[in-house]
Amino acid sequence: LCLGTMRNNFEGKKVIHFMYEVYTSVAETEIKKICRDVRQKWPSVKHIAVHHRLGVVPITEASVIIAVSSPHRAESLEAVMYCINTLKASVPIWKK
Amino acid sequence: RFSSRRRRRREPAAEGSPPGDRGSMRCQQVAMQYFARSTELEELRSETLSVPQQITSLQLWEEIVKIHPRLVVIWDQVVFAVQQAYVLLGDQLLVLQSGDEVAIIPPISGG
């Protein structure tokens with residue numbers, strides 16, 4: 001399980017909340033691609049869940065959650081790491 | 001993961017159009033989408049633009065900047081999404097149809 005919560009500072013300023021914007025059609029496609037990649041790289045993975053909040057997210061609350069299940073923990077842990085890293089690199093979501 | 005878009009089949013150039021390269025002379029109405037910093041710079045979320053049917057991604061950027069000059073400050077940070085596929089700014093030849101969606105994608109910051 002990966003739960004992403006926000007720091008209370010960004011670019012040197014104090015933060016109260018973040019606002020998330022998304023390009024929905026491409027974000028959905030890219031997240032589906034991530035899930036397909038995970039199933040190819042770690043065939044023993046059972047279930048995958050990726051959820052990203054949009055709009056206003058107060059700090060200390062989670063903005064993103066990724067959950068992966070598998071018979072052994074190694075595959076889940078690697079797959080979760082892959083998911084969050086690839087999400088940050090390729091899913092068109094912006095925070096303000 | 002910003003991979004090049006597959007080329008569509010090229011249509012023959014319109015008769016009488018010059019051989020040199022500002023893109024094909026036939027124009028298409030594309031649906032532009034702006035996000036994040038590009039929206040802030042030009043206070044714009046979406047619009048319809050008339051652009052040449054055949055054009056490289058860099059030429060397309062130059063056409064957009066002619067109309068929205070404040071975007072020039074992010075030229076080295078953006079990519080396009082054309083019909084929901086990422087395209088780098090460069091020599092990639094685009095063959096656009098009316099109604100195609102073109103989005104400006106500033107650096108992403110999700111997660």
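Predicted model: local features only at pLDDT ≥ 70, side-chain atom pairs only at ≥ 80, totals over all residues.
**View 1. The contact between chain A and chain B.** Chain A contributes 27 residues to the contact, and chain B contributes 20 residues. Together the two chains bury about 1,800 Å², with 53% of this area coming from carbon and sulfur atoms. On the side of chain A, the greatest losses of area to chain B fall on Glu21(A), Tyr23(A) and Trp94(A), which together account for 37% of what that side buries.

**View 2. Polar contacts and the salt bridge across the interface.** Between chain A and chain B, 10 residue pairs are in polar contact, counting pairs with both residues at pLDDT 80 or more. One salt bridge is found across this interface. Its partners are the side chains of Arg45(B) and Glu21(A), at 3.2 Å from N to O.

**View 3. The side of chain A that touches chain B.** Two or more residues each are supplied to this side by strand 4, helix 1 (24-41), strand 7 (62-69), helix 2 (73-90) and strand 8 of chain A. Helix 2 of chain A provides the largest share, seven residues. By class, this side of chain A holds 15 nonpolar, five polar and seven charged residues.

**View 4. The largest pocket.** Strand 4 (17-22) and strand 8 (93-95) of chain A, along with helix 1 (36-42) of chain B, each give two or more residues to the lining. The largest share, four residues, belongs to helix 1 of chain B. Eight nonpolar, three polar and six charged residues make up the lining.

Notes
Residues numbered from 1 in each chain as written. Chains lettered and ligands numbered in written order. Heavy atoms only, no water. Nonpolar A, V, L, I, M, F, W, Y, C, P; charged D, E, K, R; others polar. Contact = heavy atoms within 4.5 Å. Buried area = accessible area lost by both parts, 1.4 Å probe. Salt bridge = Lys/Arg side-chain N within 4 Å of Asp/Glu carboxyl O. Polar contact = N/O pair within 3.5 Å; in protein donor to acceptor, adjacent residues only side chain to side chain.
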